[in-house]
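Me: I would like a close look at one part of this model, namely the side-chain contacts made by aromatic rings and charged groups. Please take me through them slowly, with the cut-off behind each term.

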Amino acid sequence: MPYAITKRCIQCDNCVPQCPTGAIKVMEGDYWIDPNLCNNCQGYVAPQCIVSCPVNSPVPWQAKKGRCKVEARIVPSPDLFPDGKSHPFASAIAIWELCNVLAQRQSLLWETDAAGELYYQRQINGGKGTIAFRVTDTINSESSVALKGEQALSVIETFDIRSACLHLLYVAYITNLDKPWEEEFIISDRQIEEYLGLDKRKDLGKLTKLSLIKELAQQPCKFIACLSLPRQGKIKQVSLEKSRVWHLLDIQHHFQEDELGCKHLVGLTFKIKAGQWAQYFLNRQGCKERTAFYQYGTLPKALLSNIMSIWQQHEGAARMMLWLLFKTKMGREQRVTVPTLMRIAYGDRKLNQVALQPERQRLLRVFESDLEILNYYGLKPVFDPVTYPAEIQPLWAKLSDIPEDAEAALEFWIDDGSNNNRLTDAAPRGKWNRLMNARILYFELPHAWESLAKSKKPRSTNRKTKLKSPATLSTEYILEARKKTWIKSKRLSTANR
């Protein structure tokens, strides 16, 4: 059972160094025991905070009863999704790749450089540029020390795919700023709860939600990016060396006391600023002057709640959903191969290790189930009829063609029974090899995923030379012109004779 500090505390500081788990925190001069870290001093005869306290302030912790009232000391930034459906978000390559890293984590091929630092790197822009990510265990904006070896792997294993949702919220907030590389935004736990749908989770207590939000909010801020892009027209070469993607400037804790004086955590506020990458890829003025980029897309609010719903049982579908958010921005007719989707959903290692038939069948069932989840949430795959014919398509895709009318459905099943290939037949031989060459033409998107309409200003019609207004021709002028033309033609014909 965890413990809490009452108002009898005299702030003698005896308990802080004695706590074996570091659960005792000093927040703005007040002492507080984090119940998520306190384990009742397992392995000790008695809790060390009680042993070291001269006034017997620590008591067994009890969950707060009643409503939580938060008096925010920092006003958060305005809410996102004013229409309740979507909001613009930064979609640069650094954002896309970090979203993939947060989603795939240890499934990626991490490497070690000469200094022993662990990094993940991939080529971009047709091999003309590179982007790499390193991990740090601190969130201090001043520190950019990358972790090495096993220490870095242990941190990567703690990452949660749901932190990608916080990453997307951050890139949505900075689109409201003029200079996001200089300005910061503030987001509260209440806003995060509403965006992720946690406010509807009645099975989770307030402290559990706050602990989850605090952990997820910090994870996108533990990455250092190295980016190199060649010069493109007026845009100079982009070169970033060990630059933080996000700066977590401050975490403010909001407490509420009960009748015993025990402090209960009832709210959190995060102050965040974008890294230097935003100056190159989210620069409005630079884009107008053609010296920088301003790359953005549309973030559907439903995507965040969908990820929070399916991440545990269908992580592969969640990974593909996050990847398609950026992929579909590049145009509807983006043909995607099945191996590409499998690598996104399950990682290169797992796909390369599948060699035996039972393993392939198991992975194939999972993949078709994940495609069904995407279809359920409105991301309907359109299969290539040449490389991905109906005979190797998932069963749920075939069943979608069954008419709802009873008589029409009966005729459908009669025709199906008279064909050589029936819906209930087993998969044909060599299905796995055929799928490795199969393609999906595109995904039909929900309405909320469609790009925001861009308002185009009408082109100015100012010209240096003004066109003369057409002259008004009188009847007499026209008759005189016809008479002169007839005379000229008559003289010409006489000369030819």
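**Ring pairs and charged contacts**

Reply: Trp96 has a relative accessibility of 15% and counts as buried, a term that means under 20% relative accessible area, with exposed over 50% and partly exposed in between (1.4 Å probe, protein chains only). Trp323, at 7%, is likewise buried. The model is predicted, with local features needing pLDDT of at least 70 and side-chain atom pairs counting only at pLDDT 80 or more, while totals for chains, interfaces and linings use all residues. Residues are numbered from 1 along each chain as its sequence is written, and side-chain values use heavy atoms, leaving out hydrogens and water.

The structure holds 17 aromatic pairs, in which rings of Phe, Tyr and Trp (its six-membered ring) have centres within 6.5 Å, with planes under 30 degrees apart counted as stacked, over 60 as edge-to-face and the rest as tilted. Trp32 and Phe255 form an edge-to-face pair, because their ring centres are 5.0 Å apart and their planes stand at 65 degrees. Since Trp32 belongs to strand S3 (residues 30-33) and Phe255 to strand S12 (residues 246-257), this pair ties together parts 223 residues apart in sequence; helices (H or I, at least four residues) and strands (E, at least two) are DSSP runs, numbered from the N terminus. Trp32 is buried at 6%, whereas Phe255 is partly exposed at 23%.

The rings of Trp96 and Trp323 have centres 6.4 Å apart and planes at 45 degrees, so this pair is tilted. Trp96 lies in helix H2 (residues 93-104) and Trp323 in helix H10 (residues 315-327), so parts 227 residues apart in sequence are tied together. Elsewhere, ring pairs link Phe81, Tyr170, Tyr173, Phe185, Tyr195, Trp246 and Trp277 into a cluster.

Arg162 brings rings and charges together, lying over the face of Trp311 at 3.9 Å from the ring centre, where the rule asks that NZ of Lys or CZ of Arg be within 6 Å of that centre and within 35 degrees of the ring normal. Arg162 also meets Asp160 in a salt bridge, at 2.8 Å from N to O, the term requiring a side-chain nitrogen of Lys or Arg within 4 Å of a carboxyl oxygen of Asp or Glu. Arg162 is buried at 13%, as is Asp160 at 14%.

Asp384 forms a salt bridge with Arg439, with closest N and O atoms 3.1 Å apart. Asp384 sits in the loop between strand S16 (380-383) and helix H14 (395-399), and Arg439 in strand S17 (residues 439-444), 55 residues apart.
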